[in-house]
Amino acid sequence: MSLSRRHLLTAGAAVAVAAPGRGLANPRFDRNPFGLGVASGEPTPDGFVIWTRVLADPVTPAPLAGDAFRLAYQVAGDPGFRRILRRAEVVALPQDAHTVHVEVSGLQPGCDYWYRFLLPPGHVSAIGRARTTAAPGAPVERLDLVVGSCQHYEGGYYGAWRDAIRERGRPLDAVVFLGDYIYESSVGGTPPRRHNVLDNPVTLDDFRRRYALYRADPDLQRAHAAAPWLVIWDDHEVDNDYADAQSQGLMDRTAFLALRAAAYRAWWEHMPVRPALRPQGPRATIHRRVRFGDLARIDLLDGRQHRSPQPCPRPGRGGSSIVGPDCAARLDPALSLLGQAQESWLYDGFRAGGARWSLLANPVLMAPLDFQIGPGEQWRTDQWDGYPAARARLYAAMRAARLSNPVVLTGDFHAHIAADLLDPAAGNAPVAAEFAGTSITSGAPQRDDAWFAARLAENPHLRLFNNRHRGHLAVSLTRDRLVADLRIIEDVGDRLTAARTLRSFTVESGRPGIVGA
Ligand SMILES: [Fe+2]
């Protein structure tokens, strides 16, 4: 025996084992133990992460008896697996809910690859497609991204994902997911479908069950299998509107950090992210940067873990509120949405430059949104409007670094929004464009046309503001322009729903903001 069972169990998740021991005899599963599908993520010029989870029953997932499972994976240069380039064994450990996160390396830049997992005897996973990024600094002519957020299971079916990965005649480079992958709470009324457990998750096992339910969805699985994902979180992976160690309900700090640790842990287990992002208790570093040759880079932001509590909360509560000018605390320069360390990391990256397009994967709306029609102003404090000094620092850092073509991609709002980000410190000149993709499924308050018309008039830097539709953003970049297609589906209650483009907006290289008056 070349490796003892004890060695395998203590070697950590997804350890590639060249010569596995005989100690791990896999059981026979009655059904496909890869029922949550496969995923890839974190593309680099020479590889990516591939992910799966071994599970006997995804809908009512009972923890498997304390066994480790011995898997094999294959990475091929063709979808038929005639040219297998990498193969090795990995161990799925019970302490990781039998998930594996394999870092595949040594591949060619800018190429498509296919991967799958095998569980002897006889079980084979679905096939996923991944794609490496271009070599550092290499010229890239085109990049195609899908941007999604907010996929409440009870909001309906994932037709927006079906639309997002439709055949388009061009390789999809990556899917960027901006948070609210699961929802911790259930909705009222009679939604198109229901969480299988209605209580908010508290323990690690609770969160694992919630992720398994979402991942059991076939359309979400196809979206993961279609391209590498880049994932950040927002609040609902843990608790609505939380900020650092403060829950919306002002839960005891120690209890909330225990819940946050369970939530972060289950997030890490189920996302195709690197082993290094594995949380240490209630802490995990998930802000990171991905480059696509010389064409683009994406700074992926964490807007929850390090943020200052929202200013001027409602009495006896944490979280968001709508405030007017009497909330002086909103202007406190000590408030930060990213936290000081992440701000420094971000601005250092701005100064390093190196790509024509500078994309921000940003969880909450950056553009100011004055809700008060007519004289006076009202701001919602959970978005960047709660942190205007931090937003001013961000704009100043963009200008000081002469950041090349910044474009902010945003989740959270459950509305399609296209905005010019105007910098008051620079005569209200546009410093960047922002596109908020609506939600994949999550609901939004029903408003009539007059409501939106009034808000658009009140906020003339918004080019579009519409929460009627579920969908995603399809973003394509070339050297000269970025085009954002605001995609919408007809009916979130229909898995096979039709889809179309609501509007398209263009940003031209060298000209901050959205093209056209
Ligand atoms: Fe959301």
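**Figure 1. Contacts of Leu-482 in the predicted model.** Leu-482 touches a set of residues from several parts of the sequence, leaving aside its neighbours within four places. Its contacts include Trp-357, Leu-359 and Val-407. Phe-435, Val-475, Ser-476 and Leu-477 are also in contact with Leu-482. Phe-505, Thr-506 and Val-507 complete the list. The model shown here, as in every panel, is predicted.

**Figure 2. The largest nonpolar core.** This core holds 75 residues. Five of them touch the most other members: Trp-161, Trp-267, Phe-435, Leu-477 and Leu-482. Helix α5, residues 253–270, gives the most to the core, with eight residues. A second core is separate and has 36 residues. Leu-337, Met-366, Trp-451 and Phe-452 are among the members of that second core. In soluble globular proteins, nonpolar side chains tend to be buried together.

Figure 3. Helix α8 spans residues 449–458. Its buried residues are Trp-451, Phe-452 and Arg-455. These three cover an arc of only 90° around the axis, so they sit on the same side of α8. Asp-449, Ala-450 and Ala-457 are exposed on the other side of α8. Strand β20, residues 462–466, is part of what covers the buried residues of α8.

**Figure 4. The disulfide between Cys-312 and Cys-327.** The count for the model comes to one disulfide. Cys-312 is joined to Cys-327, with an S to S distance of 1.9 Å. The torsion about their S-S bond is about 95°, so the disulfide is right-handed. The pair links distant parts of the chain, 15 residues apart. Cys-312 lies in the loop between β13 (296–300) and β14 (322–323). Cys-327 lies in the loop between β14 and α6 (340–352). Cys-312 is partly exposed, because its relative accessible area is 29%. Cys-327 has a relative accessible area of 5% and is therefore buried.

**Figure 5. Cys-111 and Cys-150.** Are these cysteines buried or exposed, or in between? Cys-111 has 29% relative accessibility, so this residue counts as partly exposed. Cys-150 has 0% relative accessibility, so this residue counts as buried.

**Figure 6. The domain interface.** The chain is divided into domain 1, residues 5–131, and domain 2, residues 143–508. The centres of domain 1 and domain 2, taken over C-alpha atoms, are 30 Å apart. Across the interface, 34 residues of domain 1 are in contact with 31 residues of domain 2.

**Figure 7. The annotated span 145–485.** UniProt lists residues 145–485 as "domain: PhoD-like phosphatase metallophosphatase", in an unreviewed entry. In the model, the end C-alpha atoms of this span lie 11 Å apart. The span is 24% helix and 21% strand.

**Figure 8. Gly-169 and its loop.** Gly-169 lies in the loop between α2 (159–164) and β10 (174–177). Gly-169 counts as exposed because its relative accessibility is 66%. Where is Gly-386 relative to Gly-169 in space? The two are 42 Å apart, C-alpha to C-alpha. In sequence, Gly-169 and Gly-386 are 217 residues apart.

Methods: Residues are numbered from 1 along each chain as its sequence is written. This is a predicted model: local features need pLDDT of at least 70, side-chain atom pairs count only at pLDDT 80 or more; totals for chains, interfaces and linings use all residues. Side-chain values use heavy atoms; hydrogens and water are left out. Buried means under 20% relative accessible area, exposed over 50%, partly exposed in between (1.4 Å probe, protein chains only). Helices (H or I, at least four residues) and strands (E, at least two) are DSSP runs, numbered from the N terminus. The arc is that of the directions from the helix axis to the C-beta atoms. Contact means heavy atoms within 4.5 Å. UniProt positions are given in the numbering used here, feature names are shortened, and annotations may be inferred rather than shown by experiment. A nonpolar core is a set of buried Ala, Val, Leu, Ile, Met, Phe, Trp, Tyr and Cys residues joined through side-chain atoms within 4.5 Å. A disulfide is a pair of cysteine sulfur atoms within 2.5 Å. Domain bounds come from an automatic or database domain assignment.
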